[in-house]
Each structure stands twice: as C-alpha cells, then as structure tokens.
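Please look over the sequence and the three-dimensional model shown below before reading on. The report that follows is meant to be read beside them.

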Amino acid sequence: MPEEHHYDLVVVGGGPAGSSAAYTAAKNGIKVALLEKESTIAETVRTSGVTWIQNIKEFGIPDDCFNPIKNFSFCSPNNEVTISDTIPRAAVLDVRKTYRWLANEAEQCGADIFVKMNIKNVIKNEKGDIVGVNGVGPNGETIFHSKVVIDASGFQSTVCKAMGFVEQWERFGAGAEYEMKVEHVDSETWWLMVGQEYSPAGYAWIFPLGNNIVRIGVGVGKPESNVDPTQRLKEIIDKKLGPIKKLGKLTEIEFHYGLIPNDGLSRKTVFNNLILVGDSAGQANPLVLEGIRYAIKFGRVAGKVASDAIKSGKTDKESLYPYEENWRKEIESKIKSAGKVQDRWIGLTDEEWDKELDIIKELRPEEFIDFIKADFGLSNMIKLATHHPKLAVRQLFNLVKGKK
Ligand SMILES: Cc1cc2nc3c(=O)[nH]c(=O)nc-3n(C[C@H](O)[C@H](O)[C@H](O)COP(=O)(O)OP(=O)(O)OC[C@H]3O[C@@H](n4cnc5c(N)ncnc54)[C@H](O)[C@@H]3O)c2cc1C
C-alpha cells in the first residue's frame, strides 16, 4: 500500500521558489508539505548565486550567507572595463547556506519538509483538475492529496508537464562552473568575460566567495550555440584565458552544472488548483540569466495567494490569478526590455564586444546595476535615453525602449 498524506498545500521542489512559497503559506496558518527529491535541501548546487544586497536585505537573508561585491569588471578579447562603486550592491551567495536558511524559515513556520521525495505524477479529480501528486519516497510509493499544488520544481517543471500544460523549454541557458581555491583574488570584484573564445552565445564569469574561493563558469545559450559549456570551461581554464591567469594556482573544490529557461515569460502560471513559480514559470532576468531573487519574491507571493485562496474555499484559476497579476506587473515589461539587450548581445562579434565595453564604461555604478539587473523603470530609461551625456549610452537605451 502506498503511503498517503493529506495537506492543504503541497509545494514540489525545495529550491528558493519552493521554500519561499512554503514559508508564507505556513505563516498564513495552513497545512503545508514541501517536497524535495534530493537527500537534503541544496544537496546539488546548480547556480552561481549572484544576487543583489537590496534584495538580500528585503528577504532578511543573514549576513553570513553572502560575499559582498562592489567592483564590476568586464573583459572582451581586446578591452577591459571596471566599474567601481563606493558601497557593495551585489553579492555572491553561499548557495547551500542560503537555500537551507530559506527552507528552515518555512519549517519554523510549520511546513513539513519531505526529502528524498521524487515526485513523478499528478492526481486529478473527475474534472481533470489537479488534487495531489505522487512519487517515490524513502518508504516507497507515496501520495500527497492537496487543495492546491505549487510547481517549484525548476527547469524540469515536473508537475505542469505531468498535467500536459507545458513541454520542454525551447530556448534555455546551459552553464558549467567550478568552485575553486585560488592563490590571488580580490574578493570584492567580479569578472564577466565576453567574446567567442569565452562563449559564442553567452559569457564566462569569475565570482568570488571570500576566503580565496571563486566560482569560474561558462554559460552558453541554446539552441543558438552547440558548444558544450563544460568542455569550454575546461579549455578556458587550461589556457588561463584573460583574468583567469591572475588567479594563480587553481584547486578544484566542486563542479556545478545547470539549465535555466530563456523563453521569455511565455507560460501561463495559474491553473485550477495549480501555481507555477521560479524557473518552472520562466521567471529569470534574461540579460544574465539570474532568477534567485524572483524565485524568492514570487515564491512568497505564490504561497500567500495560494493560502488565502485555500482559506476562502475557492482555488480555481481566477482565485489564484492575483499571483500572476502581481509578478506580471512587477517584471513583465522589464523582462521584455532585457530580452532586447540580450538579442543584441548574442549577435555581437569580438570587435563589437570591444566597442560595447566602451559604452558600458560610461555608465555610473548605479546605472550599471540597474542595467544588469534589468531594472528598467520607464522614467529611468527615458532619462538615460534622452539625457545621458554620452551618445552611445543614449543609443543603447533607445534600443531598450524599442526605438532603432
Ligand atoms: C549555471 C547557472 C548559473 C546561474 N547563476 C545564477 C546567478 O548567479 N544568480 C541568479 O539569481 N540566478 C542564477 N541562475 C538561475 C537560478 O539558479 C534559478 O533561477 C533559481 O535557482 C530558480 O529557483 P527555483 O526554486 O525555481 O528552481 P531550482 O533552484 O532549480 O529548485 C528546484 C528544486 O526542485 C527539486 N525538484 C526538481 N524536480 C523534483 C521532483 N520531481 N520532485 C521533488 N523535487 C524536485 C530540485 O531538486 C530543486 O531542489 C543560474 C542558473 C544556472 C543554470
């Protein structure tokens, strides 16, 4: 006999989106299960963990979970730029510590966490709506009945695929990175490396974590390029390309690999009794494919909306729609603008990248941060497109606005 559980809300996936949804839902007083297929939360790291201090503070993430960054270096084959700020605005997360803190917050509020719980299928009622999930746990086959399910399973989107609502992402990023001990590194400076040799459709990076540890990685856009990021990463490390040579002797600590959707905001994210959040909803900034802050922010919104709906006794798609309304209002136009810059960047030759860095150099630190975060507030964008003292910057922001 399969093991059976009954919950108000079941959240599939113990990443940042799932833990954050479980947190606000449990805090709102309903019975929540958070299901994770790995043996522990964040057993496998699939991300570089860059995010922004403003968001870290907003979420209440503790200070010992991140390394602050205040200098942003870019290099292309024949150019190099560093934008130096007076205070750190970016950060590289200790991913395990942060994700476990998020899950712990949910547990403290009463959510039950089930690890080694690999969800494979959905349970539907006579109308075809989802009313639970099932999979394999430590005691074999396990069934979870619930009023609402949140699919926070990341790139794979296990639940909404099992419902037949979505297929595999067509456009996505593939990334490989090594966490390494190095001899020399400035712990407050990150590097983004662009041009064909680093990645033909994407970029490479060096993100410092403090204590002479860095993440060195390569991201490649699919299907634009068929380059294998792991292979390319090994090549640029062997060649000690660009700023990698400054790091001195490299000692491998851990290898990370992951996929991130890059299909724009193409998915519906609410159905009867079902919400999609985080990577399963495609909620990432396409400029640098960063999604952690959106996963946490909209995970929290999803948990609140789902739990309010459960309390009200109505969990159809109309009742869950305030969640979709919330995230669309906040990021839809920004993500569209960022997509335009990404399209421009993916087509650049090495020589064009050299020139692009000359434009980036003209941005003040706070303009650069807004740009790379894709925080294109309309008034800000118009200001930059109309009044920036440098013509090249005005042209870049006119492109973001949609003008040729
Ligand atoms: C190489 C790479 C580098 C990146 N770098 C950055 C960065 O620097 N900054 C940034 O903000 N974003 C970055 N991202 C993106 C970021 O990692 C994601 O946007 C973010 O992790 C999304 O969170 P999530 O909770 O939706 O999904 P995930 O973090 O993928 O979490 C999903 C969870 O669900 C679990 N799961 C999956 N299937 C099942 C199942 N069937 N049953 C039970 N559990 C299941 C998984 O084990 C996992 O724990 C990067 C992505 C990649 C691939």
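## About the model

This is a predicted model, in which local features need pLDDT of at least 70 and side-chain atom pairs count only at pLDDT 80 or more, while totals for chains, interfaces and linings use all residues. Residues are numbered from 1 along each chain as its sequence is written.

## The whole chain

The secondary structure of the protein chain comes to 11 helices and 18 strands, where helices (H or I, at least four residues) and strands (E, at least two) are DSSP runs, numbered from the N terminus. Taken along the principal axes, the C-alpha atoms of the protein chain fill a box of roughly 65 × 45 × 40 Å. The radius of gyration of the protein chain is 21 Å, which agrees with the value near 22 Å that a compact globule of 404 residues would have; this radius is taken over C-alpha atoms, and the globule rule is 2.2 Å times the number of residues to the power 0.38.

Of the 404 residues, 48% count as buried, a term that applies if 20 or more other C-beta atoms lie within 10 Å of the residue's own, whereas 12 or fewer make a residue exposed and anything in between makes it partly exposed, with C-beta atoms placed from the backbone. Among the contacts with a separation of 6 or more, 70% are between residues 24 or more positions apart, and two residues are in contact if their C-beta atoms, placed from the backbone, lie within 7 Å.

## Domains

The domain assignment gives domain 1 (3-46 + 96-169 + 263-331), domain 2 (172-261) and domain 3 (337-401), with bounds that come from an automatic or database assignment. The C-alpha centres of domain 1 and domain 3 lie 35 Å apart. The contact between these two takes 5 residues from domain 1 and 7 residues from domain 3. On the side of domain 1 that touches domain 3, the residues divide into 3 nonpolar, 2 polar and no charged; here Ala, Val, Leu, Ile, Met, Phe, Trp, Tyr, Cys and Pro count as nonpolar, Asp, Glu, Lys and Arg as charged, and the others, Gly among them, as polar.

## The shell around the ligand

Why is the ligand said to lie between domain 1 and domain 2? Both domain 1 and domain 2 give residues to the shell around the ligand, so the ligand lies between them. There are 38 residues around the ligand, and G15, G154, G175, G278 and G291 come nearest; a residue is near a molecule or strand if its C-beta atom, placed from the backbone, lies within 6 Å of it.

By class, the shell has 14 nonpolar, 18 polar and 6 charged residues. At least two shell residues each are supplied by α1 (16-27), β3 (50-52), β9 (118-124), β16 (250-261) and α6 (292-312).

Strand β14 (residues 202-210) has 8 of its 9 residues buried, so it is largely enclosed by the rest of the structure. Strand β13 (residues 189-193) pairs with β14 in the antiparallel sense over 3 bridges, and two strands pair if DSSP finds at least two bridges between them. In this pairing, W191 has I206 in β14 as its bridge partner.

On β15 (residues 213-222), β14 pairs in the antiparallel sense over 8 bridges, with A204 opposite V218 and F207 bridged to R215. The two strands form a hairpin with 2 residues between them, and N211 in the turn has a positive phi of about 55°. In β15, 9 of the 10 residues are buried, so this strand too is largely enclosed by the rest of the structure. Strand β15 also runs antiparallel to β12, joined to it by 10 bridges, and V218 is the bridge partner of A176.

## Two residues in detail

V182 is in strand β12 (residues 172-182). With 18 C-beta neighbours inside 10 Å, V182 counts as partly exposed. Leaving aside its neighbours within four places in sequence, V182 is in contact with N212, V214, L247, G248 and L250.

I275 is in strand β18 (residues 274-276). With 32 C-beta neighbours inside 10 Å, I275 counts as buried. Beyond its neighbours within four places in sequence, its contacts include V148, I150, A302 and Y323.
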